[in-house]
2 protein chains.
Amino acid sequence: MKVDLAELTPDVATFLGQAAYLQLVIFENLSTAVATAPTTEAKETLSRVASFALAKHHGLTDLIARHGDTPAEVMEPFTASIDVYQLRTQGADWFEMVTTCYLTAGFLDDFFVRLAAGLPARYAESVVAMLSVDAGSDLLAEEIRRAIDANDRLASRLALWGRRLVGDTVLIARSALALAPQKDATRHGQDEARIEPVFTELITAHTRRMDALGLTA
Amino acid sequence: MKVDLAELTPDVATFLGQAAYLQLVIFENLSTAVATAPTTEAKETLSRVASFALAKHHGLTDLIARHGDTPAEVMEPFTASIDVYQLRTQGADWFEMVTTCYLTAGFLDDFFVRLAAGLPARYAESVVAMLSVDAGSDLLAEEIRRAIDANDRLASRLALWGRRLVGDTVLIARSALALAPQKDATRHGQDEARIEPVFTELITAHTRRMDALGLTA
């Protein structure tokens with residue numbers, strides 16, 4: 001049984017707005033990877049992965065609509081900070097972009113599944129079902145491994161990139177938590193204590209994903 | 001009954017390779033429009049339209065697989081010229097990009113539906129069913145009309161852009177035809193005579209799409 005974040009889950013709209021907009025960003029990153037792919041075969045593979053991410057995004061916006069809200073309105077408060085996150089995680093080229101798609105989608109899906117534990121049951125079930133579906137991560141890993149095999153120097157650059165990504169991704173995930181304010185030192189300290197084991201697990205999973213690429217985290 | 005292009009239809013793989021890769025380019029253009037949208041609402045609307053285009057692309061690549069071919073291999077011979085077409089039709093900003101998405105998707109779907117008339121019946125039926133589905137063109141038209149309403153000077157610029165697009169789009173469509181070689185002057189002349197009424201209709205439809213935006217073609 002995974003440690004969850006049920007005590008730190010925000011209200012339904014706040015949860016869905018952030019999860020949906022981050023999923024849209026994952027899709028946009030995959031689209032960039034489609035458009036800049038070095039071969040037609042890679043382009044075709046990435047287009048499949050992009051369609052899975054887009055389906056997750058629309059699954060989440062459908063939930064927002066079912067909750068009686070307008071997707072764009074519910075996402076709006078989070079677009080500025082998530083756009084900055086997107087910019088910081090674009091990478092210098094196609095290889096870094098695909099690595100971003102692989103590592104951040106894995107991390108964020110994992111995170112939002114744990115955070116969903118505190119949603120009302122019917123939303124929790126839908127979100128977990130949607131985000132737990134593997135959305136082509138093996139296809140992405142295979143593209144990256146193939147690129148590394150063909151270019152020795154790529155491995156160390158992507159290892160560095162993967163380590164940098166985890167910092168930005170932890171920050172954007174943390175910003176989705178309903179934490180007690182810092183001035184309430186006791187409750188804030190309790191919240192931090194709750195978060196720690198979860199992020200330890202999320203980072204362990206990130207390391208496993210990097211291992212699967214043959215990279216050292 | 002529309003004039004069709006049954007006499008000029010290439011073999012199944014050649015047809016599907018070109019139609020599938022062009023649909024992928026339409027999707028890529030829509031993704032660019034998603035990523036650069038001026039509002040979260042526009043982004044959300046465009047993400048829906050992008051998912052429709054991506055579904056058409058994957059419908060066509062599924063047909064390629066059903067025909068016993070590999071999608072990337074079948075698309076490969078056409079990527080160079082279609083990539084140039086894509087580059088020429090990117091436009092200077094988001095408004096021109098969305099106009100490209102609206103006008104070229106309409107034109108090319110219309111063209112490939114007519115060209116499908118010469119495919120073996122089961123492929124023809126699948127292609128026509130797939131490409132005849134309206135893939136959110138009203139949503140695109142509405143975005144453009146809203147932008148024009150908010151900015152007087154945009155109308156003349158987009159009118160100019162729409163007129164330029166038709167030239168490039170006619171050329172890329174023509175390149176998908178199985179024409180008699182120019183040295184066979186008699187047959188080549190017959191083919192040109194067959195093409196003319198079809199392109200007249202396609203351009204009329206393009207003009208109607210521009211009218212729907214309130215632009216003069």
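Colleague: Which residues in H4(B) does H1(B) meet?
Modeller: This is a predicted model, in which local features need pLDDT of at least 70, side-chain atom pairs count only at pLDDT 80 or more, and totals for chains, interfaces and linings use all residues. Residues are numbered from 1 along each chain as its sequence is written, chains are lettered from A and ligands numbered from 1 in the order in which they are written, and side-chain values use heavy atoms, with hydrogens and water left out. From H1(B), the residues taking part are Phe15(B), Gln18(B), Ala19(B), Leu22(B), Gln23(B), Ile26(B), Asn29(B), Leu30(B), Thr32(B) and Ala33(B), where contact means heavy atoms within 4.5 Å and helices are DSSP runs (H or I, at least four residues; strands are E, at least two) numbered from the N terminus. They meet Trp94(B), Met97(B), Val98(B), Thr100(B), Cys101(B), Ala105(B), Leu108(B), Asp109(B), Phe112(B) and Leu115(B).

Colleague: How do the residues of that contact of H1(B) with H4(B) divide by class?
Modeller: Ala, Val, Leu, Ile, Met, Phe, Trp, Tyr, Cys and Pro count as nonpolar, Asp, Glu, Lys and Arg as charged, and the others, Gly among them, as polar. On that basis the contact of H1(B) with H4(B) has 14 nonpolar, five polar and one charged.

Colleague: Is H1(B) roughly parallel or roughly antiparallel to H4(B)?
Modeller: Helices H1 (residues 12-35) and H4 (residues 94-115) of chain B pack at about 160 degrees, with axes 9 Å apart; axes are lines fitted to C-alpha atoms, for helices over the stretch in contact, and angles run from 0 to 180 degrees between N-to-C directions. Angles under 35 degrees count as roughly parallel, over 145 as roughly antiparallel, 65 to 115 as roughly perpendicular and the rest as oblique. H1(B) and H4(B) are therefore roughly antiparallel.

Colleague: Is Gln23(B) buried or exposed?
Modeller: Gln23(B) is found in helix H1 of chain B. Leaving aside neighbours within four places in sequence, Gln23(B) is in contact with Ala53(B), Lys56(B), His57(B), Leu60(B), Asp109(B) and Leu131(B). Its relative accessible area is 4%, and buried means under 20%, exposed over 50%, partly exposed in between (1.4 Å probe, protein chains only), so Gln23(B) is buried.

Colleague: How many of the 27 residues of H2(B) are buried?
Modeller: Helix H2 (residues 40-66) of chain B reaches 39 Å from its first C-alpha to its last, close to the 39 Å expected at 1.5 Å a residue, the expected span being 1.5 Å times one less than the number of residues. H2(B) is largely enclosed by the rest of the structure. The number of buried residues is 19.

Colleague: Is the crossing of H1(A) and H2(B) left-handed or right-handed?
Modeller: Helix H1 (residues 12-35) of chain A and H2(B) pack at about 55 degrees, with axes 12 Å apart, and that makes H1(A) oblique to H2(B). A crossing is left-handed if the near helix is turned anticlockwise from the far one by less than a right angle, and right-handed if clockwise. The crossing of H1(A) and H2(B) is left-handed.

Colleague: What is the relative accessible area of Thr104(A)?
Modeller: Thr104(A) has its place in helix H4 (residues 94-115) of chain A. Residues up to four places away in sequence aside, Thr104(A) touches Tyr85(A), Leu165(A) and Thr169(A). Thr104(A) is buried, its relative accessible area being 4%.
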